[in-house]
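Dear colleague,

Below is the model I said I would pass on. My notes follow it.

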Amino acid sequence: MNVPQDLRYTKSHEWINVTDEEVTIGISDFAQSQLGDLTFVELPTAGDSVTAGDEVAVVESVKAASDVYSPVSGTITAVNEALEDSPELINNDAFGEGWMFKVRLSDVAQLDGLLSATDYAGLAPGDA
Amino acid sequence: MPSPRGYFWNAPVPYAEAAALQEELVRARIAGRIPDTVLFLEHPPVITLGRRGREDYLKHARSFYRESGIDIIRSTRGGDVTYHAPGQLVMYPILQLSGSASASHGYLGLLEQTAVETARAFGVEAYTREGMAGAWTDAGKIAAIGFRLKRWVSCHGMSFNVQPDLCGFDTIVGCGLEGEAVSSLQAILGEAAPTVPEVRTIMAGIFGRLIRAPFSLEAWTDEGLG
């Protein structure tokens, strides 16, 4: 399973790229592989404030719909509008072009509660 | 991890009631108050549209369905439009997929495999089709799939035609697939077709084996909510 070392993760299979006080969030390669070919992505709106654990987005494949949660509190500063026309970007490049939204953190200490790549890789099932 | 629990109902459960119960079970499962739980039931006649199901797959005006006693409900599941009625067995697994054996093979495939093996257990050859979720026989589609994940706990799931009145399917473009036939065990096997309780016992056995966590079936009581 593809788990980039430089990202942080949640048990619900979101990834977080922490560069500064603005973080980028998406769903992991494992998550996209479980859902299959995505057909629709419902994104939050830039400017919305979010609390860690809020349902902020929905990803849908032909037969499945799954919520996506914000792992952190803060303000949505950007969303990946390319996903509206091309949800398959998440299937093709979950950790890159398939990013979903960015959040300006209101509480940097929340980052301590996120999983490391090693912890996350130990949590998800292998590619058995 | 305790064994899953399996429950059945002997009378049809209204769709909205079953949806509300599943929401409660999903919350309880996320909170760890209950183990994985699998529901087996039938619905009174109802057409459900998935989150993005298109109303133009309804072939008639709303009044037609009202007069025919068929409810139309918007569901939170994925997928398009489908029809449920007594004689069709639905299986709704409330399963924590994250970290379970089922997840590594894909939950969609697991539901399809369950439908295919259930049909075969009664001597009906069924198969999956590339890019089209569900299970099919030479006579038509026998099982439909649409599910929802919340924190990687599943709800909704699969419907399997044992002996429903198939006419209801003629009023919709099932799953948005124009010109696709729908079938049932009864349509294929005639008098030799099994009953819904017989099928649910077999299906529960197959599903339990596929998730590597066999479970027994009992009649639903509110104790199932933990």
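How many residues of chain B are in contact with chain A? The count is 23, and they meet 20 residues of chain A; two residues are in contact if their C-beta atoms, placed from the backbone, lie within 7 Å.

Two points on conventions. This is a predicted model, in which local features need pLDDT of at least 70 and side-chain atom pairs count only at pLDDT 80 or more, while totals for chains, interfaces and linings use all residues. Residues are numbered from 1 along each chain as its sequence is written, and chains are lettered from A and ligands numbered from 1 in the order in which they are written.

The interface

On the side of chain B that touches chain A, the elements giving two or more residues are helix H3 (107-121) and strand E9 (140-150) of chain B. Helices (H or I, at least four residues) and strands (E, at least two) are DSSP runs, numbered from the N terminus. E9(B) provides the largest share of that side, six residues. By class, that side of chain B has nine nonpolar, eight polar and six charged residues. Here Ala, Val, Leu, Ile, Met, Phe, Trp, Tyr, Cys and Pro count as nonpolar, Asp, Glu, Lys and Arg as charged, and the others, Gly among them, as polar.

Two strands pair if DSSP finds at least two bridges between them. In this pairing A:Ala64 has B:Phe147 as its bridge partner.

The sheet in chain A

Chain A has an open sheet of six strands in the order E1-E2-E3-E9-E8-E5, with antiparallel pairing. Its edge strands, E1 (8-9) and E5 (49-50) of chain A, each pair on one side only. Going along the sheet:

- E1(A) pairs with strand E2 (residues 14-18) of chain A over two bridges, and A:Tyr9 has A:Trp15 as its bridge partner.
- Strand E3 (residues 22-27) and strand E9 (residues 101-105) of chain A are antiparallel over four bridges, with A:Val103 as the bridge partner of A:Val23.
- Strand E8 (residues 74-79) of chain A is antiparallel to E9(A) over five bridges; A:Arg104 is the bridge partner of A:Thr75.

Chain B

Chain B contains five helices and eleven strands. Its radius of gyration, taken over C-alpha atoms, is 16 Å, close to the 17 Å that the globule rule (2.2 Å times the number of residues to the power 0.38) gives for 226 residues, so chain B is as compact as a globular protein of that length. Along the principal axes, its C-alpha atoms fill a box of roughly 45 × 35 × 35 Å. Buried residues account for 48% of the 226; a residue is buried if 20 or more other C-beta atoms lie within 10 Å of its own, exposed if 12 or fewer, and partly exposed in between, with C-beta atoms placed from the backbone. Of the contacts in chain B between residues at least 6 apart in sequence, 76% join residues at least 24 apart.

Helix H1 (residues 15-30) of chain B has buried residues B:Tyr15, B:Ala18, B:Leu21, B:Gln22, B:Leu25, B:Val26 and B:Arg29. Seen down the axis of H1(B), these fall within an arc of 145 degrees (of the directions from the helix axis to the C-beta atoms), so they line one face of the helix. The face turned away from that buried side carries the exposed residues B:Glu17 and B:Ala20. After H1(B) comes B:Gly32, whose phi is positive, near 80 degrees.

Regards
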